[in-house]
Amino acid sequence: MRAGSTTLRWRMAFLTDRLTLAVAVLVALVLGMPLLKPLFAAAFPTLDRPLYEADSFLTLTLDHLALVGLSSLTAVVAGCAAGIFVTRPSGAEFRGILEAVAAMGQTFPPVAVLAVAVPVMGFGAQPALIALTLYALLPIVENTVAGLEGVPESVLESARGLGMGPVERLFRVELPLAAPVILAGVRTAVVINVGTAAIASTVGAKTLGLPIIVGLNGSNQAYVIQGAVIVAALAVVLDFGFDRLAALSVRWRRG
Amino acid sequence: MPHRPILHNRVALLLAAAIAAAALTLPFLGFAPNRLLSGRPVALWAALVGPLDWLVLLPGVVVLAVPFLRPGRAVSAAYVAAGVLLAVGLVWLAGAQAARLAANAAPAARTSFGAGFWVMEAAALLAAMDGVRRLGLAPAWRIAVGAAAAALIGLLLASGRLDQLSILREYANQRDVFAAAVARHAVLVAAALVPTLLIGVPLGVLAQRVPRVRRAVFPVLNVVQTVPSIALFGLLLAPLSALANALPGLGIAGVGPVPAVIALTFYSLLPIVRNTVEGLDGVPAAVREAARGMGMTKRQIFWKVEVPLALPVFLSGLRITLVQAVGLAAVAALIGAGGLGAIMFQGLFANALDLVLLGAVPVIVLAVAVDAALKLAVSLLGRRAA
Amino acid sequence: MITFDRVTKRFEPWTAVDGVSLTVEAGEFCVLIGPSGSGKSTLMKMTNRLIVPEEGTIRVDGEDIATLRPEDLRRRMGYVIQNVGLFPHWTVERNIATVPTLLGWPKARVRDRVSDLLDLLKLDARRFRDAYPHQLSGGQQQRVGVARALAAEPAILLMDEPFSALDPITRGALQAEMTAIHKATGTTIVFVTHDMDEALKLANRIAVLDHGRLVQFGTPLDILHHPANDTVRDLIGREDWGLKLLAVETVGQRVRPEEDGAIGAPLPADAPLRQAIAEMVARGTDRLPVVDAGGRPAGVLHLSDVVRS
């Protein structure tokens, strides 16, 4: 009984957890949107087609996630590598210019970066992917450098003094301690990319922005709402997910 | 064993290599018979006609020489000047070549920037930035260098020497539309700023004082900030149209500038409230206590101690807000708010790439300018305080 | 045994260590002392190649350390610094196990070793083994720091002002701990400090450095009785030279081998004279009974004998 109640409490905590809730809402919206067709038909009686049916919302969501995931992952690998390079003695010279570029680049509005990618690379998912990757690089590089710089000098000295080599120091000490800051940069990048990927449907990438754009151009408010609700839910799910990861990355600070 | 390195600046070497590689392998310009066709590439050497053209490359040689010179202020200053002059010179050269190509072509022909131009231009500007950093200039002087480069390019624009470049040909066609779009863009940003400050600043002050308000406000604003702009515009569409139908006299609508301003305000609140709170949090308790100890009233402490000390952090929140709003206002064109985004999306939907640039490039310039202006304000304020 | 042979290190434009030759014998507790900027830390950090000298050679047990891989060299030596530098994301156990793990010890052996070290440093294993550094007080953190340095049973322990940041009571406790650990393990210890009291309390021999040069190298009594120059005199402190001497000399060195004449609780022969004076003042007497290490009567200490120099 006692063991049972702990499990129950654990289950309740899981069920009322906001990440779980957000994921449930997102899944319900993506899979259940067709069921809401009568609702949209009632709300917008003037529309011939009250439900976006050109693509399934599941396909759009997966394409959206693929675009965000691929660009963010590339940016994480490249951004961390660059951040690590400029915080080593051999790359220190490049640190200033890299930080300046990262700071300045982030003032460029993401939508404008996306638009500029088209004249340079043409329409489609490819320019979107490249624009999103470049844009995601900036906060990740910035936070990787800040995170690695934030590792206390005394910790580095004792790691050296105890006989850790450069690789051991990086992977056992520096990166774990910089992880929360790096993760915050990844979170910024992903949240921005979810939004920019939606706009990328204007440059020919198939994403959750498509129903919104089609709806806006065709004065179909139902399409707009369907796309917007799912994009918003997706962004919130990812944000809550990063919240959880952030808490995990600093578990040692508690207690 | 004093080790004397041969290379004093590997950044400059890398940039010089990028410039050289782009000059040799990538098209400097693209030349197309009309605005919808893609162009044939024009290499850099094809654009080097007169001796003055060759002079444009001289700063590039300076950048290449910098790594091998003993570092010092003079070398760094030359490095900065070379970066700026190369960036300006490349623009001039592109304009000059566009004019030459236009002289022998049909009126519909277009000359646009090629990948080589973009790489060289970026490398030249990075060289200037790297040099400015090495000079260790104060922020105000760094901004002055940027402003000087911008002014030189502005002069070229004003002189008409760039008029045959496709983006300016497009501008010539859209002159009135462009001016109206810039004005509308600025109005959108400014119009959102008013409610943002009226709500955000008092809310920030309150949140800083009352922990319960703080705990309630930030999760909400954080979620709003998380929702992508295009989705928030979409979500506001239905309730606002419903409101417009119910109360037709108020000038509210689901599309157009009003929902755009409302959505921009939602986004702008977070940085303003956050930085108001952080600024006030940053006032040292000892300073507050000393002020109280000297007999200042609560009102005096707020206006004479807390506000001046919190101002730099607040201004940096304002900077983030405005830069963000410039970009979001461009997205707002999708719901019919107008502005530079309208030109940009019109170009994207019509496959007119010059039009895309005519919308997107000014958005970037505007964002960078707003950023620089507010950074300048913060740095001048900091100097006054010091 | 550590031998420094005409070691020089320059940080342009100044010379941090200037031609220092010095031999630290095996099992010795050697304290390097000097004003700030004297080169004492630099000299110590050259021992484990955190700093590489420009000239001269350093040998550990006859082996030139320049020929060794720095990581291997460092894993053979313990290292303790002022700011402790515990890894904040690791438990106490994992922190202490750092070097054994790097050396690839089997898990069970590492675990036993951690238990022994927690005992040695008087840290309750149940409470501290799984704790994180931020849950510990400053003194407890440095105890873990010392345990971590001793983990792989190094023949040499390097300590860079390890107790300077601690409050006086904690510092005193840790100093006593170090003396006990030195006695128990026989580890060669090189200890950097700027505090002469600490040096006198801990050292077998003290090396005084100034402007990168070795000014004097001798036992605490040598240093007190025959300071080589004004720098050394300044470090001792001109006013309380007498008190320092009382802290270094022991009751056994001044005791009269007589049987009678003193009553009350006896003092051990290895107690410092300062403690004897304190007892005399507290008890209002000018003589105290003394016992040797085995608890057998060793004689009587007279105030007049303490005062005579």
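The following paragraphs describe the chains of this predicted model and the contacts between them.

Two pairs of chains touch, and the pair with the most contacts is A and B. Chains B and C share no contact. Their closest C-alpha atoms lie 8 Å apart. The other interface described here joins chain A and chain C.

Chain A is helical, with 11 helices and 0 strands. Its pattern along the sequence is accordingly written α-α-α-α-α-α-α-α-α-α-α. The C-alpha trace of chain A spans about 75 × 65 × 20 Å along its principal axes. Chain A has 255 residues, and 53% of them count as buried. Contacts in chain A were also sorted by sequence separation. Among those between residues at least 6 apart, 76% join residues at least 24 apart.

Chain B contains both helices and strands, 16 of the former and 3 of the latter. Its C-alpha atoms fill a box of roughly 75 × 70 × 35 Å, taken along the principal axes. Of its 386 residues, 46% count as buried. For contacts in chain B with a separation of 6 or more, residues 24 or more positions apart account for 79%.

Chain C is divided into two domains. Domain 1 covers residues 2-244, and domain 2 covers residues 250-307. The C-alpha centres of these two domains of chain C lie 34 Å apart.

The interface between chains A and B was examined next. Here 43 residues of chain B are in contact with 42 residues of chain A. The two chains bury about 3600 Å² between them. Carbon and sulfur atoms make up 81% of that area. On the chain B side, R10(B), T226(B) and I230(B) supply 17% of the area buried against chain A, more than any other three residues. R10(B) also takes part in a salt bridge with E93(A), at 3.1 Å from N to O. In total, 2 salt bridges are counted between chain B and chain A. The count of residue pairs in polar contact between these chains, both at pLDDT 80 or more, is 5.

Seven elements of chain B each give two or more residues to the side that touches chain A: α1 (10-25), α6 (115-135), α10 (211-226), α11 (229-246), α14 (298-331), α15 (340-350) and α16 (353-385). The largest share, 9 residues, comes from α16(B). By class, this side of chain B divides into 30 nonpolar, 8 polar and 5 charged residues.

One residue of helix α16 of chain B, V368(B), was examined individually. Leaving aside neighbours within four places in sequence, V368(B) is in contact with M104(A), T107(A) and F108(A). Within chain B, V368(B) and V323(B) are 45 residues apart in sequence. Their C-alpha atoms are 7.6 Å apart in space. The relative accessibility of V368(B) is 21%, so V368(B) counts as partly exposed. The cut-off for buried is under 20%.

The interface between chains A and C takes 21 residues from chain A and 24 residues from chain C. The area buried between them is about 2000 Å². Carbon and sulfur atoms give 65% of this area. E157(A), L162(A) and W252(A) supply 33% of the area that chain A buries against chain C, more than any other three residues. E157(A) also forms a salt bridge with K45(C), the closest N and O atoms being 3.4 Å apart. The count of salt bridges between chain A and chain C is 2.

On chain A, the elements that give two or more residues to the side touching chain C are α8 (153-161) and α9 (166-199). Helix α8(A) gives the most, with 7 residues. This side of chain A has 9 nonpolar, 6 polar and 6 charged residues.

Technical notes. Residues are numbered from 1 along each chain as its sequence is written. Chains are lettered from A and ligands numbered from 1 in the order in which they are written. This is a predicted model: local features need pLDDT of at least 70, side-chain atom pairs count only at pLDDT 80 or more; totals for chains, interfaces and linings use all residues. Side-chain values use heavy atoms; hydrogens and water are left out. Contact means heavy atoms within 4.5 Å. Domain bounds come from an automatic or database domain assignment. Buried area is the accessible area (1.4 Å probe) that two parts lose on being put together, summed over both. A salt bridge is a side-chain nitrogen of Lys or Arg within 4 Å of a carboxyl oxygen of Asp or Glu. A polar contact is a pair of N or O atoms within 3.5 Å; within protein, one must be able to donate a hydrogen and the other to accept it, and residues adjacent in sequence count only if both atoms are side-chain atoms. Helices (H or I, at least four residues) and strands (E, at least two) are DSSP runs, numbered from the N terminus. Ala, Val, Leu, Ile, Met, Phe, Trp, Tyr, Cys and Pro count as nonpolar, Asp, Glu, Lys and Arg as charged, and the others, Gly among them, as polar. Buried means under 20% relative accessible area, exposed over 50%, partly exposed in between (1.4 Å probe, protein chains only).
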